[in-house]
Amino acid sequence: MEPGPPGATRPAEPGPRLHGECGADLAASASLLSRAEAEPQRRALAVAAVLPAGGSGERMGVPTPKQFCPILERPLISYTLQALERACWIKDIVVAVTAENMEAMEGIIRRYQHKRISLVEAGVTRHRSIFNGLKALAQDQPDSKLSRPEVVIIHDAVRPFVEEDVLFQVAAAAKEHGAAGAIRPLVSTVISPSPDGCLDHSLERARHRASEMPQAFLYDVIYAAYQQCSDYDLEFGTECLQLALKYCHVKAKLVEGSPDLWKVTYKRDLYAAESIIKERISQQICIVMDTKEDEEHVGRHLEEMLKNELNHLKVTSVTLCHAGRDLQQVILEQCYSFVCVNVMTSEFEETQKLLNTLKESNLSILYPVVVISVHFLDYKSVPVDQKMENLMQIRELAKEVKKRNILLCGLLIFYPQDKQKLQESVRQGATIITTFIKERNSGFIGQLLVA
Ligand SMILES: Nc1ccn([C@@H]2O[C@H](COP(=O)(O)OP(=O)(O)OP(=O)(O)O)[C@@H](O)[C@H]2O)c(=O)n1
Ligand SMILES: O=C(CO)[C@H](O)[C@H](O)COP(=O)(O)O
């Protein structure tokens, strides 16, 4: 597995809409086609998607099928659905799940507010699951609210990082060629062993490619292929493009896919997926100040330090005094990390206001939102024990907002008179903030950290 370039893209737009329009954060994705150019073409295609999600994930080696394994407490399949939902030109998304997981899947759709999803029962093999999904899209199904598409995309439920551009490229190529699929260069050389366990021959790596997903087909082509398919193909086949070739003589167009199209297969892939998601949601940080912009104070010092330390990230500063308008804008931009700097106001007044605004928004439904409440201790004017005691309220506050997927911790920065020592305290504070934002480690929740 080869993850994408660090910070190349932001997370796909959530199911619960913050923007009100599908794919509205497209500028943040690794877009190949300009949005204005591509939009009319996208709308002109009648496209549906079929997601096989009925496997047991044997190679993962855990009791939960991998598509339901949690990443940052959300099931993997929800990330894949979110990625497909961004493409509003995909009209229906048919997911094949086993009867025993049907209820769990319905719960996921409700909880994460997924749209345009229909469920069908999975088969005992991947090909049979896909066939069931295709059958649901055929017009001859009684009481079906689904319509027969011109093009159907097939995508594994366990490939969460598919980009809208790749989806569109395979769909457009399928319309032209009848079938299309994403490919990647081979990472290892493929060899063929002989029955005695010795090398028979090796393939020339540069001449071969790994077949990935998504793939897309003219619906009539792939449906006809599955209808003619032998039991052997349905049982042991692994390649839909091959079925289109074998049964309908359609040669698929191959489209270069992005590096993070890989399929979550082993346990280590879950860790890799989690790292990619964490990195994507930590690309923007919002510093909320309880003072006016032009006021000079130690909070500004921390802000400068964070801006220097996180110069590869987008750091935005807002104040809550302007009726929270700036903050609303930051929330709309899908910023998932907040540093609330309390210089003027007492203890958690400002943090509470920030938490209320976050709770009212839909922001934390899909991703955990980190909030660090920063305080300063000038021990000449306030006794340490009194300040600490006041700040210990953080525990209760954190417990309450954790239910809403908001991860809160406190940070107390010592404020010595000595300039150099103050500089050191602020630097340590900035390091703690950076670590919590990057790691989103639940061990920090409700803690009062000291710098
Ligand atoms: N009977 C099956 C088997 C697989 N799949 C789906 O096909 C996709 C790709 O298959 P794979 O990675 O092989 O998944 P599993 O079969 O679950 O994994 P394993 O082979 O390790 O058991 C997954 O989304 C999986 O849920 C399916 O819908 N129905
Ligand atoms: O990459 C793919 C298509 O080319 C499929 O994801 C893959 O073939 C599925 O096979 P399996 O279920 O055996 O992993």
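**Burial, contact and ligand shells in a predicted model**

Ligand 2 is surrounded by Arg 126, Asp 156, Ser 211, Glu 212, Met 213, Thr 238, Glu 239 and Lys 263. The model is predicted.

Visitor: What makes these residues the surroundings of ligand 2?

Guide: The criterion is a C-beta atom, placed from the backbone, within 6 Å of the molecule. Arg 126, Asp 156, Ser 211, Glu 212, Met 213, Thr 238, Glu 239 and Lys 263 form that shell. Strand β10 (residues 209-218) gives the most to it, with three residues.

Visitor: How do the residues of the shell around ligand 2 divide by class?

Guide: The shell has one nonpolar, two polar and five charged residues. Asp, Glu, Lys and Arg count as charged, so Arg 126, Asp 156, Glu 212, Glu 239 and Lys 263 fall in that class. Met counts as nonpolar, which places Met 213 there.

Visitor: Which residues come nearest to ligand 1, and how is its shell divided?

Guide: Pro 52, Gly 54, Gly 55, Arg 59 and Ser 129 come nearest, out of 22 residues around ligand 1. That shell comprises eight nonpolar, nine polar and five charged residues.

Visitor: Why is Arg 404 called partly exposed?

Guide: A residue is buried at 20 or more C-beta neighbours within 10 Å and exposed at 12 or fewer. Arg 404 has 14 inside 10 Å, and therefore counts as partly exposed. Arg 404 is found in the loop between α14 (394-402) and β16 (406-414).

Visitor: Which residues does Arg 404 touch, beyond those up to four places away in sequence?

Guide: Arg 404 touches Lys 359 and Ser 364. Contact here requires C-beta atoms within 7 Å.

Visitor: Why is strand β12 described as largely enclosed?

Guide: Five of the six residues of β12 (residues 284-289) are buried, so the rest of the structure largely encloses this strand.

Visitor: What makes β13 and β14 pairing partners of β12?

Guide: Pairing requires at least two bridges between the strands. Six bridges join β12 to β13 (residues 314-319), and the two run parallel. Between β12 and β14 (residues 337-342) there are four bridges, again in the parallel sense. In β13, Val 315 is the bridge partner of Ile 285, while in β14 Cys 340 stands opposite Val 288.

Visitor: Which residues have the most contacts inside the largest nonpolar core?

Guide: They are Val 152, Phe 217, Ala 244, Val 288 and Val 339, in a core of 120 residues. Helix α5 (residues 164-177) gives the most to this core, with eight residues. At least three residues come from each of domain 1 (26-277) and domain 2 (282-450).

Visitor: What is in contact with Phe 217, leaving aside its neighbours within four places in sequence?

Guide: Phe 217 is in contact with Val 151, Val 152, Ala 174, Gly 178, Ala 179, Ile 222 and Ala 244. Ile 222 is one of the buried residues of helix α6 (residues 219-228), together with Tyr 219, Val 221, Ala 225 and Tyr 226. The cover over the buried residues of α6 includes α4 (126-137), β6 (151-154), β7 (179-185), β10 and α8 (240-248).

Visitor: How far apart are the C-alpha centres of domain 1 and domain 2, and how many residues from each take part in the contact?

Guide: The centres lie 41 Å apart. The contact takes five residues from domain 1 and five from domain 2. On the side of domain 1 that touches domain 2, two residues are nonpolar, two polar and one charged.

Technical notes
Residues are numbered from 1 along each chain as its sequence is written. Chains are lettered from A and ligands numbered from 1 in the order in which they are written. This is a predicted model: local features need pLDDT of at least 70, side-chain atom pairs count only at pLDDT 80 or more; totals for chains, interfaces and linings use all residues. Domain bounds come from an automatic or database domain assignment. Two residues are in contact if their C-beta atoms, placed from the backbone, lie within 7 Å. A nonpolar core is a set of buried Ala, Val, Leu, Ile, Met, Phe, Trp, Tyr and Cys residues joined through C-beta atoms within 7 Å.
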